[in-house]
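Below is a short briefing on one protein structure. Look at the sequence and the model before reading the points that follow.

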Amino acid sequence: MPSPETIASTLARGFAFTRRVPVLRRPDEYGLAYEDVTFPSQDGTPLEGWFIPADSDKLVIANHPMPANRYGYPGHLPQYATPFADFEINFLPDCKNLHDAGYNVLAYDLRNHGNSGAANGGMVGIGQFEYRDVIGSIRYGRERLGTDNSRIALLSRCLGANSTIVALSRHPEEFENLAALVAVQPVSLRALAETALAQVPGGIGLLETEVKQLTGFDLDELSPLAYAKDVTTPTLIAQVHHDSSTRPEDVQIIHDNLATTSKKLHWIEGTTRRFDGYNYFPEHPEQMLDWFATHLT
C-alpha cells in the first residue's frame with residue numbers, strides 16, 4: 001500500500017491540476033443550431049464556448065465541474081474512465097431542455113479545461129482563478145443579447161458553482177439584478193479531502209502542506225463557504241445526498257450561508273456516486289426549469 005505521504009501528494013496534485021478531456025459532443029447532435037464563440041475572461045484568458053440562440057431575450061449561461069467541459073465528461077471511454085466516473089456525463093440534454101423552454105444558452109469551458117486557454121501555470125484554483133471566467137461569460141452574454149442581468153441566469157456546476165459564488169462575492173457590481181442561479185454540487189475542498197483521507201493516518205495534515213506548497217492556498221481558502229454570505233441571487237442548489245466523496249453537512253452549510261432569502265436545497269437520492277449528480281438535471285429538468293421560469297419571467 002502506498003505511504004500516507006504518497007497518497008496525500010497524489011491527491012493534492014489531483015486537486016491542483018486537471019486533465020483536459022475532449023469536447024466530444026456538439027449541440028447539432030440534438031438538433032440545435034449553434035455558433036462556436038470565444039470571449040475573454042476578466043483577466044483576458046481566452047474562453048471557448050457555444051452560443052445556442054432562441055427566439056427570446058432570456059439567457060442561461062452554463063459552466064461545468066472539474067475535470068469536465070461544456071459538453072460533459074467522456075468517462076465511458078476507457079482512456080478517461082476513473083473510479084469516480086466510468087460512465088458518460090452529458091450536458092447536451094441540459095442545453096436542449098433550456099432551449100426548448102425558450103432560453104438562449106451560452107455554454108463555455110473554464111480556463112485549463114476543454115478548448116479554453118491555459119492560465120495560472122495550468123493550476124486549478126477551485127474558484128480562486130476561475131471566478132474571472134464567470135465574469136467574462138456574463139459580460140459576453142449581456143453584450144451578445146444587448147440586455148441586462150435581469151434577463152440572465154446561471155447554471156453552474158461544482159468547480160463552476162464555486163467559481164460563481166466567489167465571483168458574486170468579489171464583484172457584486174457585475175451581477176446586479178441577476179435573475180437566478182442553479183448551483184449543482186458546490187463543495188469545500190476540505191470536505192472532499194477529509195472524506196478521501198479518512199483512513200490515512202495523518203493524511204489531512206500532509207495534504208494541507210502539499211496543497212499549500214503546490215498552489216499557495218490554504219486548504220480552507222478553496223471553498224465557497226466564506227463567499228456564500230454575499231450571494232443575494234435566488235439560488236437552487238442540487239446535491240447527491242449520500243455522496244461518498246464528501247459529506248452532506250458541507251453543502252447544507254453552503255446553502256444556509258447564502259444571503260438570499262429565495263433559496264432551496266434539493267437532495268438527489270438513490271445513489272452515492274457524486275458524478276450521477278451531474279446527469280440529474282439533464283435527465284430530470286423539471287426543478288431547474290421551474291426555478292428559472294419563476295425568477296426569469
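Which residues of helix α8 (residues 248-257) are buried? They are D250, V251, I254 and H255, where buried means under 20% relative accessible area, exposed over 50% and partly exposed in between (1.4 Å probe, protein chains only). The model is predicted: local features need pLDDT of at least 70, side-chain atom pairs count only at pLDDT 80 or more, and totals for chains, interfaces and linings use all residues. Residues are numbered from 1 along each chain as its sequence is written, and side-chain values use heavy atoms, with hydrogens and water left out.

**Helix α8**
- Seen down the axis of α8, the buried residues fall within an arc of 135 degrees, so they line one face of the helix; the arc is that of the directions from the helix axis to the C-beta atoms.
- Those buried residues pack against α4, α5 (189-196), α7 (225-228), β9 (235-240) and β10 (263-268); contact means heavy atoms within 4.5 Å.
- Helices (H or I, at least four residues) and strands (E, at least two) are DSSP runs, numbered from the N terminus.

**The sheet**
- Eight strands form an open sheet with mixed pairing, in the order β1-β2-β6-β3-β7-β8-β9-β10; two strands pair if DSSP finds at least two bridges between them.
- The edge strands β1 and β10 each pair on one side only.
- Strand β8 (residues 180-184) runs parallel to β9, and four bridges join them.
- V184 stands opposite A238 in β9.

**Helix α3**
- Helix α3 (residues 131-145) has 15 residues, which at 1.5 Å a residue should span 21 Å; its end C-alpha atoms are 22 Å apart, which agrees. The expected span is 1.5 Å times one less than the number of residues.
- Among the buried residues of α3 are Y131, V134, I135 and I138.
- The cover over the buried residues of α3 includes β1 (35-40), β2 (46-52), β3 (59-62), β6 (104-108), β7 (152-157) and α4.
- After α3 comes G146, whose phi is positive, near 60 degrees.

**The nonpolar core**
- The largest nonpolar core has 93 residues, and L155, F175, V182, L207 and F292 have the most contacts inside it. Such a core is a set of buried Ala, Val, Leu, Ile, Met, Phe, Trp, Tyr and Cys residues joined through side-chain atoms within 4.5 Å.
- Helix α4 (residues 159-170) gives the most to this core, with six residues.
- Leaving aside neighbours within four places in sequence, V182 is in contact with L154, L155, S156, L236, F281, M288, W291 and F292.
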